[in-house]
Amino acid sequence: MSRTPRLGLLREPDFRRFFGATVAGQLSDRFVYLALPLVAIVWLDADEFEVGVLTAMTTAGSLLIGLPAGAWIDRWRKRPVMVNTDLVRAALLLLVPLAWWTDTLTIWLLFAVALAHGLLTVLFEVGYTSYLPALVGREHLVEGNAKIAAARSAVSISGPGLGGPLVAGLGAPLTLVASSAGMLLSALGLLRIRTPEPRPPAAADRHLVREVAEGLRFVLGHPLLRPTLFTDGIFSLFLVTYQTMLLVFLSRHLGLGSFGIGLVLSVMACGGFAGALLARRVVARIGPGPAVWLAPLCTAPAAALLPAARPGWPLWLAVAGLALLSLGGVVRLIAQVGLQQHVTPDRLLGRMSATVRFVQWGSMPIAGLLGGLLGGLLGAPAVLWIGAAGMTAAFLPALLSPLRATRELPVTDEGRTPVPERG
């Protein structure tokens, strides 16, 4: 895919289709994560434990199939996987409004839909990350990832604002019809892409455990991928721990209502959008390796402003700190993903992506339990302090590795990356 000036990849028809499919799919996901719990709470009068189980079901897929998903994806073309998972997810979501309309809706159906949706989302996301190099070429990965991250951040800002009125007007069950339509639009956009995707090399002797182990060995043995994985794992663990008590603190300690909380989250998401816009310049200026460790070091301490905040201007200073945290997180993620995709050979892209996602998403249920446990023992403000300190400390594995001096994307030969000299 050749790049043209000004709008860059957005001037390319196939990337525009991919970009549009991303927006439709992400908006659909936002509606799902808003509507499913509301269906349980409002229409089924679910208790706190049932709502917690429902939330856990949405992310359990990464723990259940996170690692083998990479081996499966490496055997197949990625675009058909994404199209098929979009179509099946669209059909699954329609089960909820259908059951509501026929008065057969139960919490067990919601559990099943959330779990199945989560499993399919794992396959979609692993294929999605692995597909981008084939679509834009490795030389444009930073730009491609930055534009996709901008789209996702924009949806994070607008999704709750659109989803709230939609739920209020249609009701949570019928909002899932809109989510299903978004999945169909995503599938349609992907179907219209014309850039050929190479067929994965055939292997006579396939063995799932051996293929998963090969992916793990590659990521854990790579001098640049290993520290990014550890940095990402630490940051994700403490970020979710922090987020577990974020709404509790805003509501019970600062006395914010639903509108105020929504405004705080939207401002925080604006920071991520700004990070997506700035990421290419930051990576070009300091290099992908320094961006991975400098981003959390320079921005995560701002998260500590919130537990010290009081109503008034200190609160909005703390909200600005949350936006800075989000900005740094997106910059780090774009630099990290571009580097990971660049140094990984095509035949291992799915397994690399699955390993990273397993660490990122697999820690979420653990972090949620940790945040809740610490919140009960120490209180929400203490959990926020701990989360801010942990996110800041995430820079250490990257700093104490060759990433410290990786200012250029290295030339690769089937994933064998030259290690930059320390300096």
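Of the 30 residues of helix α4, 22 are buried, so this helix is largely enclosed by the rest of the structure. The model is a predicted one, and its chain has 14 helices and zero strands.

**Helix α4**

- Helix α4 covers residues 107–136, and at 1.5 Å a residue its 30 residues should span 44 Å, which agrees with the 43 Å that separates its end C-alpha atoms.
- A kink of about 30 degrees is found at serine 130 in α4, shortly before proline 133.
- After α4 comes glycine 137, whose phi is positive, near 85 degrees.

**The largest nonpolar core**

- The largest nonpolar core holds 28 residues, and Tyr242, Leu250 and Leu306 are the ones that touch the most other members.
- Helices α8 (225–253), α9 (258–286), α11 (313–343) and α13 (380–393) each supply at least two residues of this core, and α8 gives the most, with six residues.
- Once its neighbours within four places in sequence are left aside, tyrosine 242 is in contact with Ala303, Leu306, Leu322, Leu384, Gly387, Ala388 and Met391.

**Glycine 371**

- Glycine 371 lies in helix α12, which runs over residues 349–378, and this glycine is buried, with a relative accessible area of 0%.
- Leaving aside neighbours within four places in sequence, glycine 371 is in contact with Thr241, Thr244, Met245 and Val383.
- Glycine 371 and valine 383 are 12 residues apart along the chain, and their C-alpha atoms are separated by 6.7 Å.

**Cysteines and disulfides**

- A disulfide is a covalent bond between the sulfur atoms of two cysteines.
- A search of the whole structure finds zero disulfides.
- Cysteine 270 is partly exposed, with a relative accessible area of 40%, whereas cysteine 298 is exposed, with a relative accessible area of 52%; the two fall into separate classes because exposed means over 50%.

**The chain as a whole**

- Among the contacts in the chain with a separation of 6 or more, 85% are between residues 24 or more positions apart.
- The accessible surface of the chain comes to about 18,400 Å², and 67% of this surface belongs to carbon and sulfur atoms.

Conventions:
Residues numbered from 1 in each chain as written. Predicted model: local features only at pLDDT ≥ 70, side-chain atom pairs only at ≥ 80, totals over all residues. Heavy atoms only, no water. Core = buried A, V, L, I, M, F, W, Y, C linked by side-chain atoms within 4.5 Å. Buried < 20%, exposed > 50% of the residue type's maximum accessible area, 1.4 Å probe, protein only. Helix = DSSP H or I, 4+ residues; strand = E, 2+ residues; numbered from the N terminus. Contact = heavy atoms within 4.5 Å. Disulfide = S-S within 2.5 Å. Expected span 1.5 Å × (residues − 1). Bend = angle between axes of the 7 residues up to and from the residue. Areas by Shrake-Rupley, 256 points an atom, 1.4 Å probe, with all protein chains shown as cover.
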